[in-house]
Amino acid sequence: MELTNQLKSLADKINQLKDKIETEESTKHAFVLPFINMLGYDAFNPLEVVPEFTADLGLKKGEKVDYAIFQNGEPILIVECKSWKENLTIHSSQLFRYFHVTKTRFALLTNGIQYQFFTDLDEKNKMDQKPFLEFDIVNLKENSIIEIAKFHKSSFNVDHIVNNASALKYTKEIKKQINDELDNPSNEFIKLFANKVYAGRLTEKVMGEFKELVQKAFNQFISEKINDRLNAALNKETIKQKEEQIEPVEEESRVITSEEELEGYRIIVAILRRKLPVTRIIHRDTQSYFGILLDDNNRKPLCRLHLNGGKKYIGLFNENKIEIRQTIQSVDDIYQFEKELLETVGLYEVE
């Protein structure tokens, strides 16, 4: 949890400062060194973090990699940094040359925002062409945080990381292939499904029709899966709230949650889940309004829905947590307030 919070703070810092960062050196000091510190290594201890580490290449002497992280006197990770404005794909060959003349099994190429971790899965002591771990620090996913934690000083284990690197690398490649097929299905992909459901000859015209059908079917399938998981989470939370309800029965019976209120809640969850896990977005119905809270905490209101009177309103909260009502015609109008809802989340992240 501490690492997660630190990474989130660094992401916020990057968003605030990047437009003011002009050079590679500034990128190192503002973005990369804080990341190294988060991994438990003291950037000011030359026994742990060596800047401008010499990596001589045959007859070419004096070649230096930006940082080398040491543990027990041996380099465990070399780091090559670029300006945050630079595209990393054109720089991996430089790190490739450094890799085979050091004893490390891991190399990191970064511009302070994108991070690419390499090892030698394909050929020992020769850096792979593709990274096994890749992430954008300002758009971190939970599974990436789990992998980052494995590089922390307190838990670093070469064999553990290498053994897992193969699965990470190929999983990433498979996901990319799936994404490519969903965006633009290949003939092989279309035939895979068309042959199972269509008895006729797969002419060019039929293949064109099935291309659209395959794309449509997969998009619908993914949407239905997301809705199923969302509804399951909502039902689980509803059951939990009922079990924890401590108000007298006669008070509870006065509060009737309408389907319209639940639909509004689902829309708000769909908006806020970009910044929050679904389990942290809790609804609590009262006689006066339908409240939506962060972590089921009355001191952290996200918004309120007023749908049972003559007019319908959504209550939004400003930086002083004062409710400001906005008129809506239906729950679909909630989408108009996406920006305000996401900004409300930020009020509590800084507390």
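Q: Which residue does Glu173 meet in a salt bridge?
A: Lys130; the side chains pair at 3.4 Å, N to O. A salt bridge here is a side-chain nitrogen of Lys or Arg within 4 Å of a carboxyl oxygen of Asp or Glu. This is a predicted model: local features need pLDDT of at least 70, side-chain atom pairs count only at pLDDT 80 or more, and totals for chains, interfaces and linings use all residues. Residues are numbered from 1 along each chain as its sequence is written, and side-chain values use heavy atoms, with hydrogens and water left out.

Q: What does the Glu173 and Lys130 pair tie together?
A: Glu173 lies in helix H5 and Lys130 in the loop between strand E5 (114-118) and strand E6 (133-136), so the pair ties together parts 43 residues apart in sequence. Helices (H or I, at least four residues) and strands (E, at least two) are DSSP runs, numbered from the N terminus.

Q: Is Glu173 buried or exposed?
A: Glu173 counts as buried, at 18% relative accessibility. Lys130 is partly exposed at 44%. Buried means under 20% relative accessible area, exposed over 50%, partly exposed in between (1.4 Å probe, protein chains only).

Q: Which residue pairs with Glu134?
A: Lys172, in a salt bridge of 3.7 Å, N to O. The pair links distant parts of the chain: Glu134 is in strand E6 and Lys172 in helix H5, 38 residues apart. Glu134 is partly exposed at 40%. Lys172 is partly exposed at 23%.

Q: How many salt bridges does the count come to?
A: The count is 23. One of the pairs is Asp296 with Arg284, closest N and O atoms 2.7 Å apart. Glu24, Glu25, Lys28, Glu52 and Asp66 are linked in a network of salt bridges.

Q: New topic. Which residues of H1 are buried?
A: Leu3, Leu7, Leu10, Ala11 and Ile14. They cover an arc of only 105° around the axis, which puts them on the same side of H1. That arc is taken over the directions from the helix axis to the C-beta atoms.

Q: What do the buried residues of H1 pack against?
A: Helix H2 (24-38) and helix H4 (142-149). Contact means heavy atoms within 4.5 Å.

Q: And what sits on the face turned away from the buried side of H1?
A: The exposed residues Glu2 and Gln16.

Q: What span should H1 have?
A: At 1.5 Å a residue, its 16 residues (2-17) should span 22 Å; the end C-alpha atoms are 23 Å apart, which agrees. The expected span is 1.5 Å times one less than the number of residues.
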